Amino acid sequence: MKMKIGHIARACLLLAAAGSAMASSHREAPFITTAPKVDGTDFYMFNSYEAGKTGNVTMIANYLPLQDAYGGPNYFSLDPNALYEIHLDNNGDGKEDLTFQFQFKNELKDGVGIALDVGGKKVAIPLRQAGPVTNAAGAPLSYTESFTLNVVRGDRRSGKREAVTMAAGGGKTFGKPIDYIGTKTFPGGSYEGYANSYIQNINIPGCATPGKVFVGQRKEAFSVNLGVIFDLVNAPASFITNEANAAAGGKFGELADKNVTSLALEVPASCLTQGNEKVIGGWTTASLRQGRLLNGATPSGLQASEKVGGAWTQVSRLGMPLVNEVVIGLKDKDKFNGSKPLNDAANFADYVTNPTLPALIETLFPSAKAPTNFPRTDLMTAFLTGLPTVNRPANITGLGVGGPLTEMLRLNTSIAAKPAAAQNSLGVAAGDNAGFPNGRRLADDVVDVSLRVAMGALCVLTGDTDALKVGCKPADAPAGGVAFVDGVRASATDFQQVFPYLNTPIPGAK
C-alpha cells in the first residue's frame with residue numbers, strides 16, 4: 001500500500017486521539033461528583049487564530065459542569081478553598097515546567113451583603129443582586145468574586161512562584177464577573193460587554209510581551225450526544241456509522257442549554273517554549289486542602305461551614321478529552337484524578353495497550369469488530385509520547401526509548417493556526433494539521449475522530465507493510481474503515497473569533 005508523507009502524518013496524528021473518546025469530562029469519577037466546583041470538564045490548547053494574534057497560544061480550562069442558567073440564587077462561584085492550575089511541560093520530561101495558579105476569593109459587601117432598611121432594621125437581602133447591573137463599577141451585588149494568578153517555574157509546589165499582574169497599574173487582584181442571571185439584571189443585551197470588561201492584559205514574570213486572562217461563565221462549547229453515548233450508545237448502527245449523519249443532531253447535543261466556568265489565558269508561545277523545542281504538553285488540575293473540619297455551629301459569612309488545612313491534594317486532572325471517563329477503569333478513576341503524568345506508564349498503561357472501549361462497542365454492535373492487535377502499541381505510541389515530527393518532543397526518541405510515557409494534550413506551537421472559516425472540525429483527520437489532536441480547538445470533533453481511531457482506523461491506513469510502524473495491519477481492524485459519528489458537530493464559526501473565543505452564556509431568564 002503506497003502512502004504519501006502527508007497521509008502518513010495525518011494518520012499518525014489520528015492515533016493521538018485514541019486515548020480520548022466520546023465526551024468531555026463531566027462527573028467522570030466517583031469522588032469528583034461530590035465536589036463539582038473543582039470538576040475539570042474540558043481543556044483546550046491551540047495556537048491563537050484571532051486576527052493579529054499570530055504567535056500566541058490560548059489555553060482554556062473549564063470547570064463546574066452542567067450549569068443550568070437559572071441556577072439562582074447563588075449561581076456558580078468557584079471554590080475559594082481550592083487551587084486551580086494549568087500545567088505545561090516544555091521539554092518532554094513529563095514534569096511541569098510552568099504552572100499557572102488561580103486562587104479565588106469571595107467577599108460580602110460591607111461584611112454582610114446588601115442590606116435594606118425594613119421597619120427600621122437593616123436586613124441582608126437573600127439575592128446576589130439588588131438591582132440591574134450595567135457595569136462592573138458600583139454593581140449592586142451582595143458579594144463579589146476575585147482571584148489572584150501566579151506563575152510557578154519548576155515543580156508546582158517547590159518551584160519559583162511569582163505574581164502575574166495587570167499590565168495597566170500592576171494590580172495583583174483580578175475580578176470575575178457574576179454569572180448571566182438574566183436579561184432584567186443585565187438589560188438591553190449588556191452582559192457580554194459587562195463580561196468583556198473583565199478581560200485583562202497581564203504581565204507575566206519572565207515574559208517580555210503581555211498576555212491576557214479571563215475567568216467567568218461561558219456557554220458550554222463541547223459538542224456531544226451525551227445521553228445517547230452513555231445509554232449504551234442508544235442509536236442504530238446504520239446511524240452511527242454514516243458520515244452523512246455527523247451533524248444530524250445539531251451542533252452541541254444535550255449540552256446546548258448548559259453553561260460552564262472558564263479559566264482562559266492567552267500567552268505568547270515564546271514565553272511557554274524552551275530552547276529549540278516547539279512542542280508543549282498541557283493539562284489542568286484542581287486541588288483541595290487535605291483536611292476539612294465542619295462547624296456544627298456555623299457562623300454568618302460565605303462558605304463558613306468548614307475550616308480547611310493541610311497540604312494541597314489533587315482531586316481533578318484533565319489533558320486529553322475524556323481519558324478518565326471512558327478509558328480508565330472504574331476502580332482507578334479517582335486514582336487518575338490524583339495522579340501526575342510522570343506516573344502514567346506504571347499506573348495506567350494497560351488501559352491503553354488493552355483498551356476496553358473497542359470491546360464494548362463490539363458487544364453493543366456485533367458487526368463492528370474490535371481490533372485484535374495486542375498490545376495496542378499503535379495507541380501507546382501517540383497516547384503516551386506524541387508523534388514524530390509532529391507533536392513529539394525531541395528528547396523522546398521512541399516508545400520506551402528516551403523520555404517518559406505520559407498522557408497530556410500536546411501542541412506544536414510552530415504549526416500555523418488557521419482562521420475559523422478555514423478550520424475543519426475533524427482536524428488532522430481531514431488534513432487540518434492545526435487541529436486535534438495537535439492541541440484542541442473549540443470546534444474540533446474529538447468524539448468522531450476518537451471513535452474511528454479506537455476502532456482501528458490507523459491499522460487500515462498503515463497497510464499490510466505497516467508503513468506507519470505502528471504494529472498493526474488492516475486485517476487487525478475489520479471496522480477500521482468505518483466512519484463512526486455521534487450525530488453532533490459544530491464548526492469554528494459557531495464560536496467567537498476573539499479571545500476568549502467561547503460564546504456568551506445562556507441567561508437565566510430572557
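# A guided tour of the predicted model

Select Cys-459 and Cys-472 to begin: these two residues are joined by a disulfide, with an S to S distance of 2.2 Å. The structure shown is a predicted model. The bridge connects distant parts of the chain, 13 residues apart: Cys-459 belongs to helix H11 (residues 457–462), while Cys-472 is in the segment after H11. Cys-459 and Cys-472 are both buried.

**The other disulfide**

A search of the whole structure finds two disulfides. For the other, select Cys-207 and Cys-271, whose sulfur atoms are 1.8 Å apart. The link of Cys-207 and Cys-271 is right-handed, with 65 degrees about the S-S bond. This pair also ties together distant parts of the chain, 64 residues apart. Cys-207 sits in the loop between strand S11 (200–203) and strand S12 (211–219), and Cys-271 in the loop between strand S13 (258–268) and strand S14 (279–294). Both Cys-207 and Cys-271 are buried. With the bonded cysteines numbered in sequence order, the pairing reads 1-2, 3-4.

**Helix H10**

Next, select residues 446–454, which form helix H10. Is this helix enclosed by the rest of the structure, or open? Nine of its nine residues are buried, so H10 is largely enclosed by the rest of the structure. The buried residues include the charged Asp-448 and Arg-452, and also Val-446, Val-447, Val-449 and Leu-451.

**Two cis peptide bonds**

Move to Phe-374 and Pro-375. The peptide bond from Phe-374 to Pro-375 is cis, with omega near -5 degrees. Pro-375 lies in the loop between helix H8 (357–364) and helix H9 (377–385).

Then select Phe-499 and Pro-500, where the peptide bond is again cis and omega is near 5 degrees. Pro-500 is located in the segment after H11.

**Positive phi outside glycine**

Select Asp-110, a residue other than glycine whose phi is positive, near 55 degrees. Asp-110 is part of the loop between strand S4 (98–108) and strand S5 (115–118). Its relative accessibility is 68%, so Asp-110 counts as exposed, the cut-off for that class being over 50%.

Val-233 is likewise not a glycine, and has a positive phi of about 50 degrees. Look for Val-233 in the loop between helix H3 (226–230) and helix H4 (237–240). Which side of the 20% cut-off for burial does Val-233 fall on? At 13% relative accessibility, Val-233 counts as buried.

**The largest pocket**

To finish, select Asn-74, Leu-108, Tyr-143, Gly-301 and Leu-302, which lie nearest the centre of the largest pocket. The volume of this pocket is about 540 Å³, and its lining is made up of 29 residues. Which elements give two or more residues to that lining? They are S4 and strand S15 (306–318). The largest share, three residues, comes from S15. Colouring the lining by class gives 15 nonpolar, ten polar and four charged residues.

Terms used
Residues are numbered from 1 along each chain as its sequence is written. This is a predicted model: local features need pLDDT of at least 70, side-chain atom pairs count only at pLDDT 80 or more; totals for chains, interfaces and linings use all residues. Side-chain values use heavy atoms; hydrogens and water are left out. Buried means under 20% relative accessible area, exposed over 50%, partly exposed in between (1.4 Å probe, protein chains only). Helices (H or I, at least four residues) and strands (E, at least two) are DSSP runs, numbered from the N terminus. A disulfide is a pair of cysteine sulfur atoms within 2.5 Å. On a 1 Å grid over the protein atoms alone, a cavity is a set of points where a 1.4 Å probe fits but cannot get out, and a pocket is an open set with protein on both sides within 12 Å along at least five of seven lines; lining residues have an atom within 4 Å of a point. Grid points are joined across faces, edges and corners, and a volume is the space filled by probe spheres set on the points.
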